[in-house]
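Dear colleague,

Please find below the structure that I am handing over to you. My notes on it follow directly after.

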Amino acid sequence: MTTGLDRNPEAIRPELSGDGDPGPRRRPLIGGYGSTGLRVGAATLWLSLIVLLPLGAILWQSVGGGWEAFWSAVTSPAAIASFRVTLTISIGVTVVNAVFGLLVAWVLTRDQFPGKRLVDALIDLPFALPTIVASLVMLALYGPASPVDLQLQHTKWGVGIALLFVTLPFVVRSVQPVLLELDHEVEEAAASLGANNYTILTKIILPALLPSLLSGAGLAFSRAIGEFGSVVLIGGAVPGETEVSSQWIRTLIENDDRVGAAAISIVLLAISFVVLFILRAIGSRAAKREALAR
C-alpha cells in the first residue's frame with residue numbers, strides 16, 4: 001500500500017525538485033536583500049540623531065572661542081590636575097575590576113552555592129541605581145559616621161571605591177556569556193593529557209576570554225573617566241586631590257565658561273574613544289589568533 005508521500009517524494013523535501021536540484025526558495029520576510037538599504041538608512045539616521053549630532057555640537061562649541069581658547073582650557077593647571085586624578089584612579093579601577101570582575105564571572109558560571117541567583121541579580125544593581133544614590137551609599141558607609149570606622153570621604157580611595165562600584169558590571173557581563181559558551185571538553189582533554197590548572201587557565205581559558213575581557217575593561221574605563229554622580233559626595237571635589245574632570249566641567253559651567261567645559265569634554269571623549277579602539281583592536285586580533293589555533 002502506497003501513501004501520498006510515496007507517490008510524491010517532493011512532499012518530503014519541497015525545496016528540492018525531482019532531479020535533486022534546488023528548486024525556488026521563499027525569500028525570508030525579515031532580512032531579505034531588498035530591505036538592506038532601508039535598514040542601513042534607518043540605523044544611520046538614528047545613530048546620527050542620537051550620537052553624531054550631539055558630538056558635533058559639543059565639538060563646535062569647544063572651538064567656538066578659537067584654538068587658543070581651546071588649548072588654554074585643556075592645559076590650565078586645574079584641568080591638568082583633574083586629568084591626572086581622573087586617569088590615575090580610572091586606570092587603577094579598571095585593572096582591579098578586570099581581575100575581580102573575571103573572578104566574579106567565573107564564580108557565577110562555574111560554581112554552585114546558595115543565593116547564586118541573588119548575587120547574579122545584584123551585579124546589575126549599579127546599572128539601575130541612580131549614581132547620586134551610589135554616592136550616598138558610599139558616604140553612609142565611608143563618611144564621617146562610618147559604621148565600619150573607615151573614613152574615606154574627600155580621599156582618592158573613596159573616589160576609587162565609588163568607581164569600582166559603578167563599573168564592575170561592565171566586566172562581569174562582558175565575560176560571563178563567553179564563559180558559559182566555553183567548551184568544557186577542551187579543558188577536560190587538556191587535564192587528561194597532564195595539564196595542571198594553571199596551564200589550562202593561561203593556555204586555554206584566558207586566550208578565549210581575552211577579547212571580551214578587554215571589551216569589558218574598555219567600557220569600565222570609559223565609564224570611570226566620565227563618572228560624576230557616584231563621586232560627587234564621597235570625593236568632595238578637592239582640587240588636585242579628588243576633583244575629577246567631570247566635576248571640573250561642572251565648575252566651568254557654573255562659571256559660565258561653556259567653551260572651556262566643552263573643551264574638557266572633547267578631551268575625555270577622545271581619550272575614551274582611543275582606549276576603546278585600541279582595546280577592541282587587540283581583542284579582535286586575539287580572537288582571530290584563537291580561531292586559527294582551533
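This is a predicted model: local features need pLDDT of at least 70, side-chain atom pairs count only at pLDDT 80 or more; totals for chains, interfaces and linings use all residues.

Is Phe170 buried or exposed? Phe170 is buried, because its relative accessible area is 17%; buried means under 20% relative accessible area, exposed over 50% and partly exposed in between, with a 1.4 Å probe and protein chains only.

Residues are numbered from 1 along each chain as its sequence is written, and side-chain values use heavy atoms, with hydrogens and water left out.

Confidence and overall make-up

The protein chain has an average pLDDT (the predictor's confidence in each residue, from 0 to 100) of 83, and 87% of the residues score at least 70. Over residues 1-21 the pLDDT stays under 50. For that stretch the model has 14 contacts beyond four places in sequence, a contact being heavy atoms within 4.5 Å.

Of the 294 residues in the protein chain, 34% are buried. Among contacts between residues at least 6 apart in sequence, 71% join residues at least 24 apart.

Helix geometry

Helix α10 (residues 197-226) spans only 38 Å between its end C-alpha atoms, whereas a straight helix of 30 residues would span 44 Å at 1.5 Å a residue. The expected span is 1.5 Å times one less than the number of residues. In α10 a kink of about 50 degrees lies at Leu206, shortly before the proline Pro207; the bend at a residue is the angle between axes fitted to the seven residues ending there and the seven starting there.

Helix α2 (residues 36-62) also has a kink, of about 45 degrees and centred on Ser48. Its 27 residues reach 37 Å from the first C-alpha to the last, close to the 39 Å expected.

Nonpolar cores

The largest nonpolar core has 18 residues. Such a core is a set of buried Ala, Val, Leu, Ile, Met, Phe, Trp, Tyr and Cys residues joined through side-chain atoms within 4.5 Å. Those with the most contacts inside this core are Val175, Leu179, Leu182, Leu209 and Leu213. Helices α4 (77-110), α8 and α10 each supply at least two of its residues, and α10 gives the most, with six. Leu209 touches Leu102, Val175, Val178, Leu179 and Leu182, not counting residues up to four places away in sequence. Apart from this core lies another, of 15 residues, among them Val85, Ala162, Leu163 and Ala224.

Leu180 lies in helix α8 (residues 156-181) and counts as exposed, because its relative accessibility is 57%. The C-alpha atoms of Leu180 and Arg110 are separated by 8.4 Å, although these residues are 70 apart along the chain.

Aromatic pairs

A search of the whole structure finds four aromatic pairs. Rings of Phe, Tyr and Trp (its six-membered ring) pair if their centres lie within 6.5 Å; planes under 30 degrees apart count as stacked, over 60 as edge-to-face and the rest as tilted. Trp67 and Phe70 are stacked, because their ring centres are 5.5 Å apart and their planes lie at 20 degrees. These two residues are separated by about one helical turn, because they are three residues apart in helix α3 (residues 67-74). Trp67 counts as exposed at 59% relative accessibility, whereas Phe70 is buried at 11%. Ring pairs link Trp67, Phe70 and Trp71 into a cluster.

Phe127 and Phe170 form an edge-to-face pair, 5.2 Å centre to centre with 85 degrees between the planes. Phe127 lies in helix α6 (residues 125-128) and Phe170 in helix α8, so this pair ties together parts that are 43 residues apart in sequence. Phe127 counts as partly exposed, with 41% relative accessibility.

Backbone in the loops

Asp149, in the loop between α7 (131-142) and α8, has a phi near 55 degrees, a positive value in a residue other than glycine. Asp149 counts as exposed, because its relative accessibility is 71%. Phi of Ala237 is likewise positive, near 55 degrees; Ala237 lies in the loop between α11 (232-235) and α12 (245-254).

With kind regards

Methods. Helices (H or I, at least four residues) and strands (E, at least two) are DSSP runs, numbered from the N terminus.
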